[in-house]
Structures are given as C-alpha cells and as structure tokens.
Amino acid sequence: METKTIATKFVRQDVPKLATLQNAKIYQLREKLNKGDKLNRAEKNWLAEAVNRNAYFKRAVPLMGYRFGFEDVLKSYIVKQYGS
C-alpha cells in the first residue's frame, strides 16, 4: 500500500509538528483526498480560492511552514486567445 504525504516542510526555521495542524481545513481536505474520497463543490471552490490567493505556489497551499500539494487534483488548461 502506498502512503501519500499530507504536506512537506518548505522553510528552514523550526515549525510546529504537522500533527498540530489536524484541525486546519487544508489538512482535512488533503487527508480526505488521500483516502480516495471526492470533494464536494464547496470544498473545491474553497481549494481553488486558497490556491489562487497565495503567492508561493501555483498548485499548493502554504500553512505555517508546510506545503500542502494538490498537483494530483488541480488541472492546467491552455486558453487560446485572439487567434494566437
């Protein structure tokens, strides 16, 4: 059985243990996806807003020195504009 990581540390300084963030919404969403469950529309909207609002990552959400990656569920689209 393959275990998926919840988050990775992306800062050099000391950060609290990952277990202390279990009540955070982003932690719960990542855990839900790791179990194989699907997100409902409200959770998808919240995730999209959280990813678009941060300035650090394009497909992840930072929280207290941890990077919660959602590369497996977020898709990239190429939009053709003005005939280019």
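Student: What is the mean pLDDT of the chain?

Tutor: This is a predicted model, in which local features need pLDDT of at least 70 and side-chain atom pairs count only at pLDDT 80 or more, while totals for chains, interfaces and linings use all residues. Residues are numbered from 1 along each chain as its sequence is written, and side-chain values use heavy atoms, with hydrogens and water left out. With pLDDT being the predictor's confidence in each residue, from 0 to 100, 95% of the residues reach 70 or more, and the mean for the chain is 88.

Student: Is Glu43 buried or exposed?

Tutor: Glu43 is found in helix H2 (residues 41-53), and it touches Leu29, Lys32 and Lys38, residues up to four places away in sequence being left aside, where contact means heavy atoms within 4.5 Å. Buried means under 20% relative accessible area, exposed over 50%, and partly exposed in between, with a 1.4 Å probe and protein chains only. Because its relative accessibility is 15%, Glu43 counts as buried.

Student: Which geometry do the rings of Phe10 and Phe57 have as a pair?

Tutor: Rings of Phe, Tyr and Trp (its six-membered ring) pair if their centres lie within 6.5 Å, and planes under 30 degrees apart count as stacked, over 60 as edge-to-face and the rest as tilted. Phe10 lies in the loop between E1 and H1, and Phe57, 47 residues apart from it, in the loop between H2 and strand E2 (60-63). The centres of the two rings are 5.1 Å apart and their planes stand at 80°, so the pair is edge-to-face.

Notes:
Helices (H or I, at least four residues) and strands (E, at least two) are DSSP runs, numbered from the N terminus.
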